[in-house]
Amino acid sequence: MQNVAMFSEVKCEDGCDEVAFLSRKILDLNKKLIESEKAKSRFLSLVANALNNPMTALLGMIPHLAPQEGGERRQVYDLIEEEALILDFRIQNLVAAAEIESGINDISHSLVDVASLVREAIESLKYPIRAKNMDVRIDDNLGRAIVSDPRKLYLILKNLLANACCYGEAGTPIDVTFSARGERVEVTVTNRGEGPDVEYKPQVFTRFAQGPGGAHGLGIGLSIVRDYSERMGGSTDYSVQEGAVTFRVDLPLQTTLPDSEACGSNEFFFESFDDAIEI
């Protein structure tokens, strides 16, 4: 009996050592995984910002090079501007994705005219909208500016419009509405066409997710719409009815006093509304 007890004790010690060894290995692997994710987020953020600054300068200069309408160089100019706008959109989404991945959650509170943000997004998407002969109709039921984060709200609207343009049927309209519902603001973007071909709704808003045979809304744009909406205290969803697909964003009406007034998706910061300084 004494020999059996000694054997059990030795076996237990060996087993405990093995568990402790494996636990340590798992902790080490988890630590390396976290460090790898942080390094990836830092790299994405650095690359995105390095591309964003010169891109902003290029977009500011390109309109000054516009030739006359109907001229021989107009087609080349339009192609350059279209590619620059596409690249700028991708960089904006890359910057947003990097911020989300790194856990940055800076929310600004500016006085925002939603209609002007929609018009700015339409202008930046004018080439794909024109190519599909689509008309974007705006129904502004707010009739006033609201306090929100202009950059995040602009990117939400732009991604919803880009999605509607991409998957809407050519020659059909896109309807954008925004209205107040109690203490919340509801924004909807509706296109005509078939709904997303996915098994579960959350797949549409999951970054790089692949659905069963569907490619509708499975890129990076709608995941940014969802993440930004939630960070701003809201939510997003979509519905399909009678050949129309409606994406809906619900945001709280902020009661915080604005610290700036937005001019489109850009902000003007000032200590008082009587002494504004553009930065």
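Why does Ala-84 count as buried? Its relative accessibility is 8%, and buried means under 20% relative accessible area, with exposed over 50% and partly exposed in between (1.4 Å probe, protein chains only). This is a predicted model, where local features need pLDDT of at least 70, side-chain atom pairs count only at pLDDT 80 or more, and totals for chains, interfaces and linings use all residues. Residues are numbered from 1 along each chain as its sequence is written, and side-chain values use heavy atoms, with hydrogens and water left out.

**Nonpolar cores**

- A nonpolar core is a set of buried Ala, Val, Leu, Ile, Met, Phe, Trp, Tyr and Cys residues joined through side-chain atoms within 4.5 Å.
- The largest one has 45 residues, and Leu-161 and Ile-174 have the most contacts inside it.
- Two or more residues each come from α2 (74–102), α3 (114–124), α5 (150–167), β4 (173–181), β5 (184–192), α6 (221–231) and β7 (244–252).
- Helices (H or I, at least four residues) and strands (E, at least two) are DSSP runs, numbered from the N terminus.
- Helix α5 gives the largest share of this core, ten residues.
- A second, separate core has six residues, among them Met-55, Ile-62, Tyr-77 and Ala-84.

**Residue contacts**

- Contact means heavy atoms within 4.5 Å.
- Beyond its neighbours within four places in sequence, Ile-174 contacts Met-134, Asp-135, Val-136, Arg-137, Leu-161, Ala-164, Cys-165, Val-189 and Thr-190.
- Ala-84 sits in helix α2. Leaving aside neighbours within four places in sequence, Ala-84 contacts Met-55, Leu-59 and Ile-62.
- Leu-59 lies 25 residues from Ala-84 in sequence, and their C-alpha atoms are 7.1 Å apart.

**Packing of α2 on α5**

- Two packed helices are described by the angle between their axes and the distance between the axes.
- The axes of α2 and α5 come within 11 Å and cross at roughly 125°. That makes α2 oblique to α5.
- Axes are lines fitted to C-alpha atoms, for helices over the stretch in contact, and angles run from 0 to 180 degrees between N-to-C directions.
- Angles under 35 degrees count as roughly parallel, over 145 as roughly antiparallel, 65 to 115 as roughly perpendicular and the rest as oblique.
- From α2, the contact uses Asp-88, Phe-89, Gln-92, Asn-93, Ala-96 and Glu-99. From α5, the contact uses Arg-151, Tyr-154, Leu-155, Lys-158, Asn-159 and Ala-162.
- Gln-92 of helix α2 is buried, at 18% relative accessible area. Not counting residues up to four places away in sequence, Gln-92 touches Tyr-154, Leu-155 and Lys-158.
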